[in-house]
Amino acid sequence: MNRLRQLYVAVVFLAALSAVATAQRRPTAIVGGTLIDGNGGAPVTDAVVIVSGKRITAVGRRGDVTVPSDALIIDANGKYVTPGFIDTNVHFSLYGGNTNERYETLVRYEHRQHEIVLEAAQLELKYGVTSVRDSYGVLPPLIRIRDAIERGDEVGSRMLVAGNIVGWGGPFSLTFSLIPEQNLTRFQERMNDLISQGAGEELVDLTPDELREAINAYLDKGPDFIKYGGTAHFGRPVLIGFSPAQQRAMVEETHKRGRFAETHATSIEGLRLAIEAGIDVIQHPEILSPREMPDDLAQMIVDRGIICSMLTNTITGKVWQEHLKLRKEAEAGAGKLALTGHQGVAEARDKTSAEQRRERSALGSNMDTRRHNAEKLISAGCITTIGTDNYRNAAPEFARGPKPENQDHGIGSIIAIEGLVELGMTPMQAIVAATKNGAIASKRLDDFGTVEVGKFADLLILVENPLLDIHNIRKLDTVLKEGVVIDIDRLPEHPVYYRGGSKSTGTESR
């Protein structure tokens, strides 16, 4: 009897598997929506998109496309279909930082890095971001989750990863955080090694030929692209990291392996050297220490077709409005102080250069310059993408206050797309930047980024027209990734410290 029961259960199970497989083989037809295909042309009304397996097999107006008789129909009438969004600069793993609550989080959660990464990938997907480039973090867990998502073992945004920023020494180093090596704990030293993966500050000491060998050894570990420190992370002065010959060697070896090379370079001449070395992508090109982008440098970026991954989420929207408010208050305070003359002895002294820098900082001059640089690059016609620096911060139990949503995973990417319009783009141009241009930056335009036959069916269905108001990208009805409808309400599937909102603090650029 038990044997018969076992056979019955096995037959039922196999039948269920067969039914699932049959359903998965059925094509899907998205019917009746207005298609915004990511190429920037006129929208297609009453469109049909046919998906078979993971890819798009037909696109066009209703009547021009034959809908298979066995197709699963998704009614998009009155709605808007776009490609999935792409964020070209995120940070999914924990790497610490020199603030107390982030350090404590890293110590407590380091052993759960793969869960932290997966949670972030699912949060991005929840908002319609179907692909990301992770340009700084802990390589082993990033690769583990990247590959699990690629195999279909896990649900999440498609991931391309860089691991370390080559030439930097990890989160507790001079190049990253202005922390000298002396007096580090063993844990901090170990974290520096885990993130740098043998491609840290020691590479600056190598000859170009030695550097070629080192870059290939790092590429053998599995990153999808190389990001190197054209300058140090931040500080005054912003020191140049590698010589022109060293940079050419790194870029050439990366290109030989069929991968893109990009840089973090936050001074005018540091960026110029990286451009001349042949880089493909610039992360946050609008950040040039306190300087405005020279016209000739902007034109060089445009002429060479270098992709500009911009931190638009940190210079637009609520953040920008708050900046204007604080600047006005600072100006009023400075004016009142000057009128009263109650500055005592300090009034008679010449201000030091450090005092002058602090005054400019209080007035937010660096943010004004960053926004001006972004507007200049967009106006000049550079290939723009969003690169949010969305990052994992302190766990809820350690955080001292809420983290601004503009760098939370998922919503931070949406805010960045909206910010492109504030900086001068049309809504259509912003959608192209967040889809097609993101795929170009990923070196994967043949696979995704636009709604075309042969490409992965990474698709969004929006309730309202984003071309009338870019904020309508928040009104998300359906997400498909590689032809599979995602249950976004269930994401993240296994929260680690996600609580449905922002729970940590700080902003960064990497």
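This is a predicted model: local features need pLDDT of at least 70, side-chain atom pairs count only at pLDDT 80 or more; totals for chains, interfaces and linings use all residues.

I began with Cys 308 and asked: buried or exposed? Cys 308 counts as buried, because its relative accessibility is 0%; buried means under 20% relative accessible area, exposed over 50%, partly exposed in between, with a 1.4 Å probe and protein chains only. Cys 382 also counts as buried, at 9% relative accessibility.

Residues are numbered from 1 along each chain as its sequence is written, and side-chain values use heavy atoms, with hydrogens and water left out.

Next I looked for disulfides (a pair of cysteine sulfur atoms within 2.5 Å) and found zero in the structure. Cys 308 is in none, and its nearest cysteine sulfur, that of Cys 382, is 3.5 Å away.

Then I turned to the sheet. I found an open sheet of three strands in the order β6-β7-β8, paired in parallel. Strands and helices are DSSP runs numbered from the N terminus (strands E, at least two residues; helices H or I, at least four), and two strands pair if DSSP finds at least two bridges between them. β6 (85–90) and β8 (158–161) each have a single partner strand, so one side of each lacks a neighbour in the sheet.

I also checked β7 (residues 129–134), which pairs with β8 over four bridges in the parallel sense. Ser 131 stands opposite Arg 158 in β8.
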